[in-house]
Amino acid sequence: MSRFTNLTFTLPLELLQAPNDDSRWFVVQQNGIVRQFTGTNPSSASTYIDLSAITSRVLDGGEMGLLGMAFHPNYPTDNRVFLSFTTGDPLTSRVSSFTSTDGGATLNPATETVLLTINQPEDNHNGGHIAFGPDGYLYIGMGDGGGGGDPWGDRGNGQRLTTMLGKMLRIDVNTATPYAIPPTNPFAGNERCPAAGRASGNCPEIFAWGLRNPWRYAFDPANGDLWVADVGQGLFEEVDLVTIGGNYGWRCREGAHDYNTAGTPGCSSAPLIDPVAEYDHTLGGSITGGFVYRGSQNTALVGKFLFADFESGRIWAWIAENASQPRQPTQLLDSNLNISSFGQGNDGELYVVHYNETGSLHRINFQSTGVIDTAPRLLSNTGCVSNADPKQPATGLIPYAINAPFWSDGADKDRWMALPNNQGISVQTDGDWQFPNGTVLVKNFRIGTRLVETRLFMRHPDGVWGGFSYEWNAAQTDATLLEGGAVRDLGGGRSWIFPSEGQCLECHTEAAGRALGLETAQLNRSFTYPQTNRTANELTTLNHIGLLSPAITDAASQPALPDPQGSSGTVAERARAYLHTNCSQCHRPGGLAPTNLDLRYTTSLIGTNACNALPQNGDLGLGSNARLIATGSSASSLVVNRMNRRDSAAMPPLASNTVDTAGVALVSQWIDSLSACQ
């Protein structure tokens, strides 16, 4: 999977193209704005429509907002574009059409024609996806209204045919205004369903029912099959192959399992259709539907439905012949993305949308076997190690070491860097180093003499970093790619955590430049190079071979971090170096931590925003004297407390089972020596 454009978007929920226009892309943002760009390498995006002129309710977030978009299938001959969003007080789901008044460059909010409104009892389970089927009708996916304790919400709307909640709706926007009922809908002869309350009869807009919260669905262009991803309750996520008049079980069933058959009207007599595929909540927690792949890549996944999980980032395909258990999908990739939607180009190629305040778009690339393109399965096939002895680096890799190493549960580490030909390292003004696309960083982890793990951290050709973990076999002859993370028992009461791909980027933050430890102050040290057994300063060596730009000609004039467990440097300097390496990748401006801490080495103590600062998320039992860093009292300091535990409040929050007792002692000694925030 590769980055598709370097643009970012605010809380993106959908990516699509207009019929008959392969050059332009549209990104639906939850905040009520649709952005557009042209080509695959645009420098900017522009606004296609901004719904804030209509209502502020679309800006509310959560499961509300601008949720769906569909071009009329005859666009631009029929220049209507349909949007689905939440609005109003009381909360209402609305589907409207808009047109352009400037030749298609933008949509004019003032041209709104409201087609359909549905009152929402709660602010969740709003569904909201819309798409035209091959029959030319508009399909609208509606959640069950949420609110588990509300009889008008989640307590059975999926089975109530007198409400449009919990349904797949189908309307005709071509033959009447605002819409007509397709004559083949199951209840086509009845009066239209009201926006609020219940209809006197079954709603004629209904195409299928028994849905909880359909979040993305798509028609197979080859045969018209309708594939729907329905978000589960507490145990299962499901994929349904939806047909007219079908009942897909909620809230009698969750997935293929009984849920509330006694408490939901009609469960005992209803013929229920089980999902085609499902997975449980050990693998994710909120399904996102995709598309049936009909692109031109050479892959066995042509004709297979792809989908993902918003919470875990996993991507699957439904491949019936691969299922070792009923309804078991085939996992293709464990990504680090919050996948809110898939996109499909007019050429049939697929994309995923990463939901974030700075959300991004990614193109799916397949291997011929069908698996989404990732790293080689064996370390020996990566090109990063010797073919003859995978325990040794490949020719051309540059070994390095750092002054203040990261705590890795007592493991010893060997490190190498591999740079593309004729490219070097950009030394930033703050001393951080930026690496060119194509760079690979290699790190071996040893417990005693045993190799346990090798991690590769690669900057892909599109500039996106990704991490890969390889687990060494018992014979120490090779290592195998381990996807999704794992915990292994090493014996003797010791376990080892292999991080998932997503967890790699939780530590290797964008704010810290991704490549941790590679900065001027960390490599300003002597190092004995194993190839030659010669000892030299690393900055001097890298500069000598022309890799540093701008050049560092005098290493002695550059800063150097002390070794936290070494003999040089004061206690304060060594403690701050420890925090810099182990904590500052998240605790710095722009970091992932939900605080304003700045634990970089060069930040003054008062500038860390931790000194004598009150805790904002509980005192962890330390009482009224608790501070983030309490001058003169490590016992009252949350920084020390969190370092000294391995539970949900631990720091680091992942990838460590063992407390660094020496690190705790060092930071405690420093804090106990403080008399003021100076």
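Biologist: At what angle do helix H4 (residues 571–583) and helix H6 (residues 661–673) pack?

Modeller: This is a predicted model, in which local features need pLDDT of at least 70, side-chain atom pairs count only at pLDDT 80 or more, and totals for chains, interfaces and linings use all residues. Residues are numbered from 1 along each chain as its sequence is written, and side-chain values use heavy atoms, with hydrogens and water left out. Helices (H or I, at least four residues) and strands (E, at least two) are DSSP runs numbered from the N terminus; axes are lines fitted to C-alpha atoms, for helices over the stretch in contact, and angles run from 0 to 180 degrees between N-to-C directions. The axes of H4 and H6 are 9 Å apart, and the packing angle is about 130°.

Biologist: Which orientation class describes H4 and H6?

Modeller: Angles under 35 degrees count as roughly parallel, over 145 as roughly antiparallel, 65 to 115 as roughly perpendicular and the rest as oblique. The angle between H4 and H6 is about 130°. The two helices, H4 and H6, are therefore oblique.

Biologist: Which residues of H6 meet H4?

Modeller: Contact means heavy atoms within 4.5 Å. H4 contributes Val571, Ala572, Arg574, Ala575, Arg576, Tyr578 and Leu579. Their partners in H6 are Gly663, Leu666, Val667, Gln669 and Trp670.

Biologist: How many residues of H4 are buried?

Modeller: Buried means under 20% relative accessible area, exposed over 50% and partly exposed in between (1.4 Å probe, protein chains only). The buried residues of H4 include Arg574, Tyr578 and Cys583, and they pack against helix H2 (520–523), H5 and H6. H4 is mostly covered, the buried count being 10 of its 13 residues.

Biologist: Is Ser634 buried or exposed?

Modeller: Ser634 lies in the loop between H4 and H5. Not counting residues up to four places away in sequence, Ser634 touches Val640, Ser668, Ile671 and Asp672. With a relative accessible area of 14%, Ser634 is buried.

Biologist: What is the relative accessible area of Ala308?

Modeller: Ala308 is found in strand S21 (residues 305–309). Among the residues that Ala308 touches are Tyr279, Ile287, Trp316 and Phe342. Ala308 is buried, and its relative accessible area is 0%.
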